[in-house]
Amino acid sequence: MQVAPGLYSVSWGNTWGNMGLNVGLSVGEDGLLLIDAQDEPEVPRLIARIAAISSKPVRYVLNTHWHADH
């Protein structure tokens, strides 16, 4: 979901049991900034969601805390 020009909320799932995802995505001129990520088994789904928004490369990932799902 686009929340502002060049700023997206990438999410799916709605409970901890199904490993719901909530990642921020900023699309800049030279690439992408992710705010939080997801555990390894969910990375292919995250990459597919990002590719649907932009073909630019991910330049930075900002993890907001220590939990393994980030």
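**View 1. Glu42, a buried residue in a loop of this predicted model.** Glu42 is buried, at a relative accessible area of 14% (buried means under 20%, exposed over 50% and partly exposed in between, with a 1.4 Å probe and protein chains only). You will find Glu42 in the loop between β4 (32-35) and α1 (43-53); helices (H or I, at least four residues) and strands (E, at least two) are DSSP runs, numbered from the N terminus. This is a predicted model, where local features need pLDDT of at least 70 and side-chain atom pairs count only at pLDDT 80 or more, while totals for chains, interfaces and linings use all residues. Residues are numbered from 1 along each chain as its sequence is written, and side-chain values use heavy atoms, with hydrogens and water left out.

**View 2. The salt bridge between Arg45 and Glu42.** The side chains of Arg45 and Glu42 form a salt bridge, at 3.1 Å from N to O (a side-chain nitrogen of Lys or Arg within 4 Å of a carboxyl oxygen of Asp or Glu). By this rule the count is one salt bridge. Arg45 is partly exposed, with a relative accessible area of 38%, whereas Glu42 is buried.

**View 3. The largest nonpolar core.** Nine residues make up this core: Tyr8, Val10, Trp12, Val23, Leu25, Leu32, Leu34, Leu46 and Ile50. Such a core is a set of buried Ala, Val, Leu, Ile, Met, Phe, Trp, Tyr and Cys residues joined through side-chain atoms within 4.5 Å. At least two of its residues come from each of β2, β3 (21-27), β4 and α1, and β2 gives the most, with three. Look next at Ile50: leaving aside neighbours within four places in sequence, Ile50 is in contact with Leu32 and Leu34 (contact means heavy atoms within 4.5 Å).

**View 4. A nonpolar patch on the surface.** Met1, Val3 and Leu7 form this patch, with about 310 Å² of accessible area together. Patches are made of residues with over 30% relative accessible area and no salt bridge; like charges are joined within 9 Å, and nonpolar side chains (Val, Leu, Ile, Met, Phe, Trp, Tyr) within 5 Å. Accessible areas come from the Shrake-Rupley method with a 1.4 Å probe, and for residues only the protein chains shown count as cover. Leu7 sits in strand β2 (residues 7-12) and counts as partly exposed, at 34% relative accessibility.

View 5. Of the 70 residues, 29% count as buried.
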